[in-house]
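Please open the model in your viewer and keep the selection tool at hand. The tour begins at one residue and then widens to the chain.

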Amino acid sequence: MQMKDILFPECILTHVKAESKEEALGRLFEALNAAGKVKPSFYEAILEREKNYPTGLELGEWNAAIPHVTPDHVVTSAMGVAVLDTPVTFQRMDNKAETVEVKVIFNIALDANGKHLDILQEIMGVVANADVMRRLVRAETSEQIIKILKQEGE
């Protein structure tokens with residue numbers, strides 16, 4: 001399984017307006033849930049996991065977060081992506097005592113067949129590339145975001 005296999009336009013949000021990470025994650029949950037990709041327990045599980053294992057990454061110009069949960073909260077593998085109009089605060093993955101202002105959220109929802117480490121490795125390649133992040137932040141549609149991510153995954 002590759003990142004390109006879990007990208008669906010209905011799970012990708014551009015120009016998201018959110019006041020907090022909880023609100024941003026709630027929007028992603030709503031999209032993933034409406035698409036039939038996750039169980040109702042997914043949202044609370046994401047919030048709980050973020051408390052214990054934060055996922056904010058300080059990357060420079062456009063910081064990202066990669067929240068995810070165990071497969072028991074997932075119906076079928078997908079990845080929600082949210083590009084925020086205004087960044088929201090996440091605790092940092094490398095030091096949860098510190099925070100980072102996140103502009104792009106990659107919300108991984110993998111079922112039992114999902115290859116968690118493979119997907120994470122692909123996402124890390126995306127977030128480490130400032131040009132790709134710039135293109136994602138400037139994308140106007142979910143289709144544009146999918147095209148960018150699929151190009152990077154090849």
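**Stop one: asparagine 107**

Select asparagine 107 and proline 67: the side chain of asparagine 107 reaches the backbone oxygen of proline 67 at 3.2 Å. This is a predicted model, in which local features need pLDDT of at least 70 and side-chain atom pairs count only at pLDDT 80 or more, while totals for chains, interfaces and linings use all residues. Residues are numbered from 1 along each chain as its sequence is written, and side-chain values use heavy atoms, with hydrogens and water left out.

Next, select residues 99–109, which form strand S5, where asparagine 107 is found. Strands (E, at least two residues) and helices (H or I, at least four) are DSSP runs, numbered from the N terminus.

Is asparagine 107 buried or exposed? Its relative accessibility is 0%, so asparagine 107 counts as buried (under 20% relative accessible area, with a 1.4 Å probe and protein chains only; exposed means over 50%, and partly exposed lies in between).

Now display the residues in contact with asparagine 107 (heavy atoms within 4.5 Å). Leaving aside neighbours within four places in sequence, they include Leu25, Leu28, Phe42, Ile46, His68 and Met79.

**Stop two: the whole chain**

Zoom out to see the C-alpha atoms, which fill a box of roughly 35 × 35 × 25 Å along the principal axes. Finally, select the buried residues, which make up 51% of the 154 residues in the chain.

How values were computed: A polar contact is a pair of N or O atoms within 3.5 Å; within protein, one must be able to donate a hydrogen and the other to accept it, and residues adjacent in sequence count only if both atoms are side-chain atoms.
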